[in-house]
Amino acid sequence: MSSTKLPMIFQTADLSVETRVAAYKNDILGLCKPREVPDRIAKYIGRNVEASGWNAVWRSTPKSSGQLHPFDVVVEVSNVNASDIMAEVSICEPVVTDCLNDLDTEKVNAYLCCHGNRVPLTELCPVYDETGQHDETALAIEHVRFFYENIWREWDEDDDGEYCYAGRHLDTRIQLYYDIQEGNLPRDLVNNYRDSYNQYREKLAELKQLQEKIAVSDLDEELDEMDVLKCAQMSEVCESLVHSLQIIENPQMRYLLASVSPKLVQQGPRGNRPRGDEPVTYIVAPKLQAGMVKFYEDNTVVEHYPCLGKALKSYYHGDTIVVYPGKYKLEGRAYQLADSVHITGIGNPSEIVVVEVELFFCSDNEEYTMECCATNISIKNITFEQEGNENEGVVLVKSGRVTFDDCHMRCETNGVTVENGELVMRQCKVHGAKSAAIIVSSGAKLDLQDSKLFDNGEFGQNLDVSTELATGAIVLEAKSDSKKTTAILSDNYISNNHCHGICVKKDQEIFAACCDPEHGIKLEMTNNVFEENIHGDIGHFLVNKD
């Protein structure tokens, strides 16, 4: 018997900058030169990755599996080859995969057999084991995976320099990764960098094919002058693209380009407090009273603001914002939460009200009053009210993880949109959204527990249920060029919405020919109640790719 419920894997993707830098400098790269990097990586794998006897979720690619679409499946590792960063695997029986209806196990096994059952080690995510036996293996694979995805560049292979590789490239390239992940750079600049990098890889592949052709011609016959000329021209194109990419990788040049961009985000991450100062607890209340501070230890640094907006603009990474009963307006600008923070309401949540006022003269990236793009943001015991219908929604999760506990959202347009990263909501209420209470963009993740979604989707009430404009209390989007969208729903009450309870929208380009309604969407539901949603509990729609 087969299953679609994948086991838990080690969660290693959210390692801090400090942890990653220390691992590369102290344990992996040291003072090695560029040409010595592959050997250092191989030795690190040999020391830290178990050679066999462990299970993993293989997150395949079409190139590694021979299949048209990627899939996840549980495999057993029988051997690890550190020198070429490959592993020999076999699919576990019974088969455990995320696309049971689409996966042709026989074809995959045949393809693996033809390739020595070898897959890239970096595509393996070790299955979690409480004994701790595989902790080092999981961490080592994450460090190697991150290195080749975000630090190593193809042009580094031909670098014969005598300098320290980590000293020149490590900090700048890791910082570029986090600048992109945390939304610190204008979208146009990020898109330009990614487009240039993709173009470089395409041109480099063409150049290598041409060089191989010329090498064969050199042995068998006279060289084709046109091929030689084309090779020279393509080399110049690659060099030019590398130069443009290196400009953006340079922190000073990157921030200079960002400063003149019309879409510069309002505030980047502040990081830890300067000079190593202790985290601050901000008390937000109309008036500071003695009873508000009596429970803190004597050495706790406390600051008081009567305005929540000032606290949101002032906090550093790891600070705490405590909000007492009152009505706090956020108006005049978009507030970007770019550092991890805990925001907690003290008292009855119905008396702790954050009013998000309509943003006038807003730019494209100011359509939400609160934009979250930090590793870990938690918000607890607060009521949010949306005032006016021009804003796109209450909260936008641009990246990282945002957790709402015991919060109440009274919406006008949308509630919460997860553009990237993960949204966790526990014991929350979301209602009144004219469109959707929660929108999960392609590749993002939602974990909704013991919450109530009601009276949402008024805009979709009179629409034809087959239209692309159809909506739901929860909208899940899936596109062909992104990872799976994940939604885990348990013990929720989704009722009396003017639309679907859940609306699944898929990219027509890739999903039109697939009869599996969950293709591209990982939807897990346990003990949820759906009642009196006008267009039904779950609706599936194909939409044109943007």
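1. Let's start with T137 and its neighbours. Leaving aside residues up to four places away in sequence, T137 touches N48, V49, E50, W54 and P126. The side chain of T137 also reaches the backbone nitrogen of E50, at 3.1 Å. T137 belongs to helix α5, which covers residues 135–150. Is T137 buried or exposed? T137 counts as buried because its relative accessibility is 2%, and the cut-off for buried is under 20%. Please keep in mind as you read on that this is a predicted model.

2. Now step back to the whole chain. The protein chain has eleven helices and 31 strands. Of its 546 residues, 49% are buried. Its accessible surface comes to about 26800 Å², and carbon and sulfur atoms hold 48% of that. Among contacts with a separation of 6 or more, 68% link residues 24 or more positions apart.

3. What span should the 25 residues of α8 (residues 225–249) have? At 1.5 Å a residue they should span 36 Å, and the end C-alpha atoms are 36 Å apart, so the two values agree. The buried residues in α8 are D227, C231, M234, C238, L241, V242, L245, I248 and E249. When you look at that list, remember the general rule: an α-helix has 3.6 residues a turn, so residues three or four places apart point the same way.

4. Buried residues in α6 include Y165, H169, L170, R173, L176 and I180. After α6 comes G183, with a positive phi near 75 degrees.

5. What about the cysteines? A disulfide is a covalent bond between the sulfur atoms of two cysteines. A search of the whole structure turns up zero disulfides. C32 is in no disulfide, and the nearest cysteine sulfur, that of C164, is 6.8 Å away. C32 has 1% relative accessibility and so counts as buried.

6. Strand β8 (residues 320–323) has two partners to trace. Four bridges join β8 to strand β6 (residues 280–284), and the two run parallel. Here I283 has V322 in β8 as its bridge partner. Four bridges also join β8 to strand β11 (residues 341–345), again running parallel. In this pairing, T320 stands opposite H342 of β11.

7. Finally, a few backbone angles deserve a second look. In general, most residues other than glycine have a negative phi, and most peptide bonds are trans. The bond joining E93 and P94 is cis, with omega about -5 degrees; P94 sits in the loop between β3 (86–91) and α4 (105–114). Q427, in the loop between β20 (422–426) and β21 (429–431), has a positive phi near 55 degrees. Q427 is partly exposed, at 45% relative accessible area. N496 also has a positive phi, near 55 degrees, and is found in the loop between β27 (493–495) and β28 (500–507). At 39% relative accessibility, N496 counts as partly exposed.

Conventions: Residues numbered from 1 in each chain as written. Predicted model: local features only at pLDDT ≥ 70, side-chain atom pairs only at ≥ 80, totals over all residues. Heavy atoms only, no water. Buried < 20%, exposed > 50% of the residue type's maximum accessible area, 1.4 Å probe, protein only. Polar contact = N/O pair within 3.5 Å; in protein donor to acceptor, adjacent residues only side chain to side chain. Contact = heavy atoms within 4.5 Å. Expected span 1.5 Å × (residues − 1). Areas by Shrake-Rupley, 256 points an atom, 1.4 Å probe, with all protein chains shown as cover. Disulfide = S-S within 2.5 Å. Pairing = 2+ DSSP bridges.
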